[in-house]
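Here are my notes on this model. Please read them with the coordinates open.

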Amino acid sequence: MLTDLNEIKQRLQTIKTFILDMDGTIYLGNDIFPYTHRFLDRVEETNRSYYFFTNNSSKDLQAYIDKLDKMDIPITKEQMMVSTDVILEYLSSHHPGAKLYVVGTPALLRAFTTAGWTLDDEDPDVVILGFDTTLTYEKLSKLCTFIRHGKTYYGINPDLNCPVEGGEFIPDCGSIARCVESSTGVYPEFFGKPSRRTLDYIVKATGLKPEEIAIVGDRLYTDIAVADNSDVLSILVLSGETKKEDVPKSKHQPDVMVDDIGVLADLLE
């Protein structure tokens, strides 16, 4: 991990774009951090760009664009990436024409139907688990039954918890997957951070070399882990889930650690 400020500044000089996590990094729940706009302004002042990537699959692309717009952060669709995008791209090339059973919110289901997929809760070819804040026992039971019958099973994002206002957390997709595993003995392949598929997706979407990209986030096992064994710079912020004392115990070590993106703004030249 880089700790010398001059070394950090020197490494940041090679960065052309920042891939920013959202919840816990630029805002918490519906409350934007007071330093977020300063960081975004500094990125643009130094002729760099930024994208947002969220693992939270409970909402669709437009919902995040609208949320950012209300926070006075207008972006293009190209600047917003959701873990759902990664699995949609994978399904197109590996399961064309498949019928899907998706456990997720109405917004997540819309993302699949808008992309042209057929949803089938009776005899699907592939079953998919997303972050479902509308989860019911019926949906959970049906998912487990399909898995026991040998249906191909994927998960969208592996996050165990989703941070909310007041420093609290709610169970995320990874926690639901653990529940399903307890019943079926099967744990899915995930497509959000830290999947290598996500890193490949980001590199392709930005059109940049890995060493020109920095991924910024508050979770060691997703935001930081996605950059493991790559030339992408990983930057951990301590404004969300991860606390400083968690870092030495983790197998996923950030290249840079700062309190928040406000500190990061001061390091950009």
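1. Some conventions first. Helices (H or I, at least four residues) and strands (E, at least two) are DSSP runs, numbered from the N terminus. On that basis the chain has 10 helices and 15 strands. This is a predicted model: local features need pLDDT of at least 70, side-chain atom pairs count only at pLDDT 80 or more, and totals for chains, interfaces and linings use all residues. Residues are numbered from 1 along each chain as its sequence is written, and side-chain values use heavy atoms, with hydrogens and water left out.

2. Overall dimensions. The radius of gyration is taken over C-alpha atoms, and the globule rule is 2.2 Å times the number of residues to the power 0.38. For 269 residues a compact globule would come near 18 Å; the chain has 19 Å, which agrees. The C-alpha trace spans about 60 × 35 × 35 Å along its principal axes.

3. Burial and contacts. Buried means under 20% relative accessible area, exposed over 50%, partly exposed in between (1.4 Å probe, protein chains only). Buried residues account for 55% of the 269. Contact means heavy atoms within 4.5 Å. Of the contacts between residues at least 6 apart in sequence, 67% join residues at least 24 apart.

4. Cores. A nonpolar core is a set of buried Ala, Val, Leu, Ile, Met, Phe, Trp, Tyr and Cys residues joined through side-chain atoms within 4.5 Å. The largest has 36 residues, and L12, F18, F39, F52 and I235 have the most contacts inside it. Another core, of 28 residues, lies apart from it; I128, Y154, I156 and V226 are among its members.

5. Backbone points to check. Most residues other than glycine have a negative phi, and most peptide bonds are trans. N47 has a positive phi of about 60° and is not a glycine. N47 sits in the loop between α2 (36-45) and β4 (49-54). Its relative accessibility is 73%, so N47 counts as exposed. D72, also not a glycine, has a positive phi of about 65°. Its loop runs between α3 (61-70) and β5 (80-82). D72 is exposed, at 56% relative accessible area.

6. The cis bond. The peptide bond from K193 to P194 is cis, with omega near 15°. P194 lies in the loop between β12 (189-190) and α8 (196-206).
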